[in-house]
Amino acid sequence: MKYLLCLGLPLLLQAVLTLVFSQAGSGGSFVGLGALLFALVGIPLTLIINFALIRSYPALGTMAHFSRSFLLGLILPALQLALLITASILRW
């Protein structure tokens, strides 16, 4: 259950937010492509890091692992949001 919660929910969050950010930059811009390229590298990297952290500290509780995994999973959407904001500012 620990692996499903700590790996599955950040993966789902990243996948949904990647879809949102890729659709938000529509209209012929490359923001959607950039968001998908960030996700191409970021999602597997996040899963590998979360898996390694869970395996290296097995004595921690599920909520401690979940909070760390969730915060680590927010890095990719933050980068995608920064890309979207930067592209919209430069287009303005």
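Contact is taken here as heavy atoms within 4.5 Å, and helices (H or I, at least four residues) and strands (E, at least two) are DSSP runs numbered from the N terminus. The model is predicted, with local features requiring pLDDT of at least 70 and side-chain atom pairs counted only at pLDDT 80 or more, while totals for chains, interfaces and linings use all residues. Residues are numbered from 1 along each chain as its sequence is written, and side-chain values use heavy atoms, with hydrogens and water left out.

The protein chain contains four helices and zero strands, and its C-alpha trace spans about 50 × 15 × 15 Å along the principal axes. Of the contacts with a separation of 6 or more, 77% are accounted for by residues 24 or more positions apart.

In helix 1, the residues C6, L7, P10, Q14, T18, F21 and S22 are buried (under 20% relative accessible area, with a 1.4 Å probe and protein chains only). The cover over these buried residues includes helix 2 (31–56), helix 3 and helix 4 (75–91).

Helix 1 (residues 2–24) packs with helix 3 (residues 62–73) at an angle of about 20 degrees, their axes lying 9 Å apart, where axes are lines fitted to C-alpha atoms over the stretch in contact and angles run from 0 to 180 degrees between N-to-C directions. The two helices are therefore roughly parallel to each other, a term applied to angles under 35 degrees. This contact is made by K2, L5, C6, L9, P10, L13 and Q14 of helix 1 together with T62, H65, F66, S69, F70 and G73 of helix 3.

Terms used. Angles under 35 degrees count as roughly parallel, over 145 as roughly antiparallel, 65 to 115 as roughly perpendicular and the rest as oblique. Buried means under 20% relative accessible area, exposed over 50%, partly exposed in between (1.4 Å probe, protein chains only).
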